[in-house]
Amino acid sequence: MSHDASVLFNRLLARGKFRHVQILLKVAELGSLQRAADSIGMTQSSVTQGLAYLERLLEVQLFERHARGVRPTQACEDLLPVARRMLIGVADGAEVVAARRQRIGGAIRLVASVGAMNGLLLDVLPRFAQRHPDITVHLSEAEGDDQLLAIARGEADLVACRRPPVIPEGWHFMPVREDRFAVLARADHPLARKRSLGWPQLVDETWLLAPAGSAARERFDELTANLPHPIRTYPVVTRSTAMLWWLSQQENLLSFLPLNFVRPLLDAGLLRELKLRPLYMLEPLGLMCPIAGPFGAWRQLVDFMNPEVPH
């Protein structure tokens, strides 16, 4: 850390307040001192004074006035992501402390990918809550590198995800549920009645694609690269299960996605898996968890999800 940064850091520690962070974010969000004051239950003069105090601490202008209110300066724009993380951290801390005060069992900070939420946690967490009503699970969503950042920052007790290519030092991956790719369609799609399908029978269909860079899109592109002619694609690219279901009801669309990602839609009968052969397997879904203690409430969830432990 540079000398100037160290000076600002120590000054903020000694004289800064969380209220200053809240004021900064609300003024930036609403573009008005009065609306920001109303939204957080303060007077406009108090917001103005708090903002001026923060600008003096940082020795930088944070907002510029214009005819309709204020706009963030570039310095303010640089600060906003940090301020948001700080306020989220304060809120998370309040939740953890409140859970500790109200429940004997404590709290678990669980970070999960969308795939793990749909294919694993929707089934597991209700049963876990029934067995351990004294434990609060604080669930947040993150993908890929953001999961690793949550571990590095000490913001996660457990991470529910697919087995990653690199596992952080001091952690290990516990597989819980096998997974594979699947071709999906609405329940009354003409191909849903077929007992077995191959790619030649799917080449003339219209496909709803997963986003570029996703495992499903990469595998799909590999499998369709050598087909006789380019496939037809729908002009929406999404990983939203709600949008997938809705568009599939409107059109005869096919999708290629991890089976457990759409497990809730399959279980509800809203989508159907077409019987494509061969099957294309994926890394399993499971938990990344610390190898060593201190062991807290999260150990209860690990033991509950361990496939070798009877539920």
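Strand β11 gives the most to the lining of the largest pocket, four residues. The model is predicted. That pocket has a volume of about 750 Å³. The structure also holds eleven salt bridges.

**The largest pocket**
- The lining counts 30 residues. Ser 113, Glu 143, Gly 144, Arg 162 and Ala 215 lie nearest the pocket's centre.
- Elements that each supply at least two lining residues include α6 (114-131), β5 (158-162) and β11 (280-290).
- By type, the lining divides into 17 nonpolar, six polar and seven charged residues.

**Salt bridge of Asp 179 and Arg 162**
- The side chains of Asp 179 and Arg 162 meet in a salt bridge (2.9 Å, N to O).
- Asp 179 lies in strand β6 and Arg 162 in strand β5, so the pair ties together parts that are 17 residues apart in sequence.
- Asp 179 is buried, at 3% relative accessibility. Arg 162 is partly exposed, at 22%.

**Other salt bridges**
- Asp 123 and Arg 177 pair through their side chains (3.1 Å, N to O). This pair links distant parts of the chain, helix α6 and strand β6 (residues 171-186), 54 residues apart.
- Salt bridges with shared partners join Asp 123, Arg 127 and Arg 177 into one network.
- Glu 29 and Lys 26 form a salt bridge (3.4 Å, N to O). They sit three residues apart in helix α2 (residues 18-30), so about one helical turn separates them.
- Glu 29 is exposed, at 55% relative accessible area, while Lys 26 is partly exposed, at 24%.

**A nonpolar surface patch**
- Phe 18, Val 82, Met 86 and Val 90 form a nonpolar patch on the surface, with about 330 Å² of accessible area together.
- Helix α5 (residues 74-102) provides the largest share, three residues.
- Val 82, in helix α5, is partly exposed, at 38% relative accessible area.

Technical notes. Residues numbered from 1 in each chain as written. Predicted model: local features only at pLDDT ≥ 70, side-chain atom pairs only at ≥ 80, totals over all residues. Heavy atoms only, no water. 1 Å grid on protein atoms, 1.4 Å probe; cavity = no way out; pocket = protein on both sides within 12 Å on 5 of 7 lines; lining within 4 Å. Points joined across faces, edges and corners; volume = space filled by probe spheres on them. Nonpolar A, V, L, I, M, F, W, Y, C, P; charged D, E, K, R; others polar. Patch = residues over 30% accessible without salt bridge, like charges linked within 9 Å, V, L, I, M, F, W, Y side chains within 5 Å. Areas by Shrake-Rupley, 256 points an atom, 1.4 Å probe, with all protein chains shown as cover. Salt bridge = Lys/Arg side-chain N within 4 Å of Asp/Glu carboxyl O. Buried < 20%, exposed > 50% of the residue type's maximum accessible area, 1.4 Å probe, protein only.
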